[in-house]
Each structure stands twice: as C-alpha cells, then as structure tokens.
Amino acid sequence: MPSTVILEKKQAQVAALAERIKGSIAGVVVDYKGINVEDDTKLRKELREAGVEYTVVKNTLLKRAADAAGLEGLDDVLEGTTAIATSADDYVASARILQKYADTHPNFTLKSGFLDDEVIDMAKLQSLAKLPSREVLLATVCSVFSAPIAAFARGVKAIVDKGGVEACMQEKDSAEGAASPEEAPAEETAE
C-alpha cells in the first residue's frame, strides 16, 4: 500500500494533468520509445517554441486525468511508453510537429489525439498533421482577400497612366467612331 504522501502526490499530478487537458484545445498522445536524449531535447524545444506543452506520463495517471477531464476513448492506447502534448491555442501545432518527427523516427509513433474535449481517430489526426501552421493559413487568407484589391489598384493605375478618365473616355469614343464608318459602307451596299 503506497504511503499517503505518495498517494497525495499522485492525486495532485492527476488533478494538474486533468486541468491541463481541460484547458487545451488540442492534444496528441505518443509512444516515445527509441528516442535518444539529443533528439528528445530538439523535439521538446520545437514544441515549446510552438506553445505546446509536452510531458512523459504514466498510463494510469493519464487514464485517471482523462476521465477527470471528461475525455473518453483514450483507454485503448494507454500502454507502453506514453507522452502527451497539449496546446491551449493552436489546433495543429502538436500534431504537425510530432508527425514530422515520427516520419523520421520509426519507433516514435502517434497513438491518439483529441480536439475540443473529443478523442479523434488516427485518420483525423493524420489530416490535422498535414495542415500548415496558423501563420501560413492566415497569410493565405490575406493573399486571397488582397488579390481583388490589388487588381483594382492596377486598373486605377492604368487609367491614370493613360491620362485620366477623360483620356480613356476620348479613346473609347474614338474607338467607337472608327467602328461606325466601317459598318456604314456595308449598309449602303446592301440597298
């Protein structure tokens, strides 16, 4: 039977992990076996820079924390070596970084993940990992919105380069006038 000090310490760990899961919008559970210290340090640094919290955790503690957080469906993957990565403000960062790492390290695998307090299957997790970062998505949206504005600005500049609206109107009138004489002889020959 564990001592009360150890039991209280584990209960505090479960409570802290449950709060972390509740406070995150996305998370990934991985099997980290076969990772060396140097690679682990690089991975943790990249995750930390992306705002992702990554910790190695005992399966029993994670199971209890997930149950306390109302996250059901992780029990099947909680065996072997386990670590959890959670993010409070980015849906794709943890999945993208960990999948990129798993692609180059055969023993490192993604087990499961969750979004907005709901466990997702591996297909969704893989799709999530393929999405670009938030910054890239925002840049893409901005470029889509700015394209019509840029086209309008180029049109206005072309009008100004031709001498203004009056010059464009005169050019249009002269173009219409040039088309009329060609049509007139055709009408005369028809009579």
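Tutor: Let us start with Asp117, which is placed in the loop between E4 and E5; helices (H or I, at least four residues) and strands (E, at least two) are DSSP runs, numbered from the N terminus. This is a predicted model, in which local features need pLDDT of at least 70 and side-chain atom pairs count only at pLDDT 80 or more, while totals for chains, interfaces and linings use all residues. Residues are numbered from 1 along each chain as its sequence is written, and side-chain values use heavy atoms, with hydrogens and water left out.

Student: What is the phi of Asp117?

Tutor: Most residues other than glycine have a negative phi. Asp117, although not a glycine, has a positive phi of about 65 degrees. Asp116 lies in the loop between E4 and strand E5 (118-120), and its phi is also positive, near 45 degrees.

Student: Is Asp117 buried, partly exposed or exposed?

Tutor: Buried means under 20% relative accessible area, exposed over 50%, and partly exposed in between (1.4 Å probe, protein chains only). Asp117, at 42% relative accessibility, counts as partly exposed, and Asp116, at 46%, counts as partly exposed.

Student: Why is strand E1 described as largely enclosed by the rest of the structure?

Tutor: In a regular strand the side chains alternate between the two faces of the sheet. For E1 (residues 26-31), 6 of the 6 residues are buried, so the strand is largely enclosed. Ala26, Val28 and Val30 are buried on one side, and Gly27, Val29 and Asp31 on the other.

Student: Which strands pair with E1?

Tutor: Two strands pair if DSSP finds at least two bridges between them. E1 pairs in the antiparallel sense with E3 (residues 83-87) over 5 bridges and with E4 (residues 109-115) over 6 bridges. Ala26 stands opposite Ser87 in E3, whereas Asp31 stands opposite Thr109 in E4.

Student: How many salt bridges does a search of the whole structure find?

Tutor: Side chains of opposite charge can pair when their charged atoms come close. The criterion for a salt bridge is a side-chain nitrogen of Lys or Arg within 4 Å of a carboxyl oxygen of Asp or Glu. The search finds 9. Among them, Lys100 and Glu46 have their closest N and O atoms 2.7 Å apart. Lys100 lies in helix H4 (residues 93-104) and Glu46 in helix H2 (residues 37-49), so this pair ties together parts that are 54 residues apart in sequence.
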